[in-house]
Amino acid sequence: MDRLAIVVPCYNEEEMLKISSEALRGVLNDLVSKGKISADSFVMFVNDGSKDRTWELIEEEHKAHPVQVFGVNLAGNVGHQFALTAGLITAKDLSDVTVSIDADLQDDITVIEEMIDKFHAGNDIVYGVRKERKTDTFFKRTTAQGFYKVMELMGVKTVYNHADFRLMSKRAVEQFSQYKETNLFLRGMVPLIGYKTDCVYYDRKERVAGESKYPLKKMLALAFNGISSFSVKPITMILGLGVAIVCICILAAIYALISYFTGSVVPGWTSLMLSIWFLGGVQLLAIGLVGQYIGKIYIEVKQRPRYNIEKVLADEQE
């Protein structure tokens, strides 16, 4: 029977941690009683350098439930994507299948059973996808939809309305661990793995306690990170802009010369127009060309450590 690991990245989640632990342990117990996972399945909380009592509470939960609650304490705050990656890679050696979910439990934990069923049906990756965005504000709903459209325009393969609530088999996580880049965007990286996938659909809930750890600033940073990590199209667009301006410059040069010879310009206007248009176009063209190579190098050579693990709490038999 398969051993399940539920990986939960946490940052300043002292108000939610015990609630999350109880709810997720309940999911494990239910799945064990139905014979769908092994009895030694566990929840792994990953503390992402929290400034509150999050790690202390994880230690308390581990002491109270040493078989069901594990913990990973990162040496500092590295961000959600890195913390989630640390949890997945740590859990892959201890489990057969992982499910990642945020600590706020706004994602519907009841569909984890459906994820397991689809895993048993032969799927290595099962995405949790929101049915709709009625609970979002108009601004958040509009920007989120715009984000997915921009990602599609840039050639980045993502699953619409999917965040980081997903199931991954052991071999899928092992394959994911081969991606060594440090500019992480898991929503774009996981679809690159290529194994058989499926989706489950759910309605997102309101946060029970605590505050959102993803304000607008972080959401915009994540969006830009996703685009810049998976596409060089923005640089290509600059190159295209440079070519367009050079073409416009040629037309402007023809117009300026005609104006000069017909005597309908003030002295110095022609040379000023030609220099501004021509040099501006050439500069953008040069930046775009150099950027093409820098963009490719940037994607290939990112080799910095993604995180440092300070301590791991696991079952003593591990």
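Colleague: Which residue forms a salt bridge with Asp-117?

Modeller: A salt bridge needs a side-chain nitrogen of Lys or Arg within 4 Å of a carboxyl oxygen of Asp or Glu. Here the closest N and O atoms are 3.1 Å apart. The partner of Asp-117 is Lys-36.

Colleague: How many residues apart are Asp-117 and Lys-36?

Modeller: Helices are DSSP runs of H or I with at least four residues, strands are runs of E with at least two, and both are numbered from the N terminus. Asp-117 sits in helix H4, while Lys-36 is in the loop between H1 and S2. The pair links distant parts of the chain, with a separation of 81 residues.

Colleague: At which pLDDT do side-chain atom pairs count?

Modeller: Residues are numbered from 1 along each chain as its sequence is written, and side-chain values use heavy atoms, with hydrogens and water left out. The model is predicted: totals for chains, interfaces and linings use all residues, local features need pLDDT of at least 70, and side-chain atom pairs count only at pLDDT 80 or more.

Colleague: Is Lys-36 buried or exposed?

Modeller: Buried means under 20% relative accessible area, exposed means over 50%, and partly exposed lies in between, with a 1.4 Å probe and protein chains only. Asp-117, at 33%, is therefore partly exposed. Lys-36 has 18% relative accessibility, so it counts as buried.

Colleague: How many residues apart in sequence are the parts that Lys-18 and Glu-61 tie together?

Modeller: The two side chains meet in a salt bridge, 3.0 Å from N to O. Lys-18 lies in helix H1 and Glu-61 in helix H2, so the parts tied together are 43 residues apart.

Colleague: Which residues are linked with Lys-18 and Glu-61 in a network of salt bridges?

Modeller: The protein's salt bridges come to 17 by this rule. In the network, Lys-18 and Glu-61 are joined by Arg-25, Arg-53, Glu-56 and Glu-60.

Colleague: How many residues does the largest nonpolar core have?

Modeller: Such a core is a set of buried Ala, Val, Leu, Ile, Met, Phe, Trp, Tyr and Cys residues joined through side-chain atoms within 4.5 Å. Those with the most contacts inside it include Leu-4, Ile-6, Phe-45 and Phe-165. The core's residue count is 34.

Colleague: Which element gives the most to this core?

Modeller: Elements giving two or more residues include strand S1 (4-10), helix H1 (17-33), helix H4 (112-120) and strand S6 (162-169). The top contribution is 5 residues, and it comes from H1.

Colleague: Why is strand S5 largely enclosed by the rest of the structure?

Modeller: In a regular strand the side chains alternate between the two faces of the sheet. S5 has both faces covered: Ile-125, Tyr-127 and Val-129 are buried on one side, and Val-126, Gly-128 and Arg-130 on the other. S5 is largely enclosed because its buried residues number 6 of the 6.

Colleague: In S7, what is the bridge partner of Gly-128?

Modeller: Strands pair if DSSP finds at least two bridges between them. S5 runs antiparallel to S6, over 4 bridges, and parallel to S7, over 6 bridges. On the S7 side, Gly-128 has as its bridge partner Val-200.

Colleague: In S6, what is the bridge partner of Val-97?

Modeller: S4 pairs with S1 in the parallel sense over 4 bridges. S4 and S6 are joined by 4 bridges and run antiparallel. In S6, Val-97 is bridged to Ser-169.

Colleague: Which side chain is joined to Asp-164 by a polar contact?

Modeller: Asp-164 lies in strand S6; at 5% relative accessibility, it counts as buried. A polar contact is a pair of N or O atoms within 3.5 Å; within protein, one must be able to donate a hydrogen and the other to accept it, and residues adjacent in sequence count only if both atoms are side-chain atoms. This one spans 3.2 Å, and the partner of Asp-164 is Gln-81.
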